[in-house]
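Hi,

Here is the structure I promised to pass along. Have a look at it first, and then read on for what turned up.

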Amino acid sequence: MVRVQKRVLPDDRGCYELVGDAGGVEPANRYLLYVSNLDRSPNTVRAYATDLRLWVGWLEGLTRPWESADLELLGEFVHWLRTSRSGRPDDVVTQLAAAPPGRNPKTVNRIMGTVFAFYEFHGEAGAPISRQLVDFRSTHHDYKRSLGRRSSRRRPISLPEPTTRPATLSVAQVGNLIRACEHRRDRLLIGFWWLAGLRVGQTLGLRHDDIDALKALLRIVPRTNPNGARPKVRETKTVPLRQELLDLYGEYVREELHGVDSDYVFVNLWGAPLGSPMTYSAVDGLVRRLRAQSGVDFTPHQLRHTFATDLHREGVSLEVISRLLTHRSISTTSDLYLHLEVEDLRAGLEMAKGAGA
C-alpha cells in the first residue's frame with residue numbers, strides 16, 4: 001500500500017513523499033524533491049504526491065514496472081480514474097456495472113498532468129511514455145514554441161472539461177458573514193478577501209509596512225514567513241486599496257492591536273502564542289466558526305472569486321482584474337471569469353436596448 005507522508009528537509013523546509021514498497025516510490029520521491037526545490041507551494045507538492053500515489057499504487061496492483069508505462073497503459077489508467085473512486089487498483093472489469101461515477105474530467109486531467117510531468121522529468125530512464133511524449137511535443141507544437149516562448153502544454157491524453165463558473169457569494173451572504181464576526185480582525189480578513197481579492201496566504205503574510213494608508217496602496221511581497229504563508233507571487237506586486245478597507249484597518253489597529261508588538265497585520269490576539277502571526281489552521285478554524293454562526297457555506301477563495309466576478313460584471317477589463325488578482329497570465333483570468341450567466345447576458349441586452357432608444 002502506497003501512502004503520502006510529510007517530511008522535513010535538512011534546511012527545515014517541508015516536503016511530501018511517498019511511502020511503500022512499490023517500485024515507483026523512489027523515482028516519484030526524486031521528482032517530488034525536485035519540484036520542492038523549485039519552491040513550489042507545499043499544497044502543490046502535496047497534490048503532486050497524491051496524484052503519483054494513485055499512479056504508483058495502480059501500477060503496483062498490476063505488477064507493472066513504472067518504467068514500462070506507455071500511452072496505452074495510461075489510457076487504461078484514465079479509464080480506471082473515471083470509473084473508480086477507490087485508491088486501490090481493484091479489478092475494474094468486475095466493478096464497471098455497479099461502479100458509481102468516478103472522478104470528473106478536470107480532476108483526471110490534473111492527475112494526468114502530474115504523471116506526464118513525472119515522466120518528462122525521468123526522460124533518461126527510457127520509459128516508452130517518455131519517448132512518446134517527446135515525439136508528441138515535436139509533432140504538435142504551437143505558435144508559442146515557434147516564437148521561442150515556453151513549450152506547448154498540450155498532452156496526448158486530455159479529457160474535455162465542462163465550462164464552469166467559479167462559485168461566488170451574494171451581497172446578503174457576505175453581510176451575514178461580516179455580522180457573524182466577533183472581532184475587527186476577522187472582519188478585516190473578510191474585507192481583504194472580498195474587497196481586495198487577496199489569497200489566504202497573501203493576507204497571512206501581510207506586514208504593516210506593506211500598507212500605505214496615505215496612497216491607499218498595498219504591497220504583496222514574496223518572502224518567507226514563519227507561519228508558512230505564501231503569497232504566490234514571484235515579484236512584489238502593488239495594488240490599490242478601497243477606503244472601506246483602510247478605515248477598517250485603522251479601527252483594528254486602534255481597538256485590538258494596541259500593545260501587541262508584531263510586524264504582522266493578522267496575529268493571534270486571544271489564543272496562544274499571543275502576538276504570533278496567524279496560521280492557515282487558525283483561518284480554517286475561523287472559517288468553520290463563521291459557517292456555523294452565519295449559515296453561509298463559504299471558502300475564502302469564493303470571496304476572492306466574488307471580488308473578481310463583481311468587477312467583471314461592472315465592466316472592468318480582464319487585464320485590470322488580472323493585475324488586481326496578481327495572476328501571472330491574463331489567460332488564467334479569462335478562463336475563470338469570461339463565462340457569463342444568462343442573467344448577465346440579459347442585462348447586456350437591456351443595456352443595449354436602452355442605448356438604442
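The protein chain has 16 helices and five strands; helices (H or I, at least four residues) and strands (E, at least two) are DSSP runs, numbered from the N terminus. Please keep in mind that this is a predicted model, in which local features need pLDDT of at least 70 and side-chain atom pairs count only at pLDDT 80 or more, while totals for chains, interfaces and linings use all residues. Residues are numbered from 1 along each chain as its sequence is written, and side-chain values use heavy atoms, with hydrogens and water left out.

Of the 357 residues of the chain, 41% count as buried (buried means under 20% relative accessible area, exposed over 50%, and partly exposed in between, with a 1.4 Å probe and protein chains only). Among contacts between residues at least 6 apart in sequence, 55% join residues at least 24 apart; contact here means heavy atoms within 4.5 Å.

The largest nonpolar core holds 50 residues, of which L188, F192, L218 and F298 touch the most other members. Such a core is a set of buried Ala, Val, Leu, Ile, Met, Phe, Trp, Tyr and Cys residues joined through side-chain atoms within 4.5 Å. Elements giving two or more residues to this core include α8 (171–180), β4 (217–220), α11 (243–255) and α12 (280–294). Helix α9 supplies the largest share, six residues. Beyond four places in sequence, F298 touches L169, L177, I190, V287, L290, R291 and L303. Another core, of 36 residues, lies apart from this one, and V25, V35, V78 and M112 are among its members.

How do α9 and α13 pack? Helix α9 (residues 184–195) meets helix α13 (residues 300–313) at an angle of about 45°, with the axes 6 Å apart. That makes α9 oblique to α13. For the conventions: axes are lines fitted to C-alpha atoms, for helices over the stretch in contact, and angles run from 0 to 180 degrees between N-to-C directions. Angles under 35 degrees count as roughly parallel, over 145 as roughly antiparallel, 65 to 115 as roughly perpendicular and the rest as oblique. On the α9 side the contact is made by I190, W193, W194 and L195, and on the α13 side by P300, L303, R304, T306, F307 and D310. These residues divide into seven nonpolar, one polar and two charged (Ala, Val, Leu, Ile, Met, Phe, Trp, Tyr, Cys and Pro count as nonpolar, Asp, Glu, Lys and Arg as charged, and the others, Gly among them, as polar).

T203, in helix α10, is buried, with a relative accessible area of 0%. Leaving aside neighbours within four places in sequence, T203 is in contact with L189, F192, W193, L198 and F266.

A few backbone details may interest you too. The peptide bond from A272 to P273 is cis, with omega near -5°, and P273 lies in the loop between α11 and α12. K232 is not a glycine, yet has a positive phi of about 60°; K232 sits in the loop between β4 and β5 (237–240) and is partly exposed at 48% relative accessibility. T326, also not a glycine, has a positive phi of about 55°. T326 is found in the loop between α14 and α15 (330–337) and counts as buried, at 4% relative accessibility.

Best wishes
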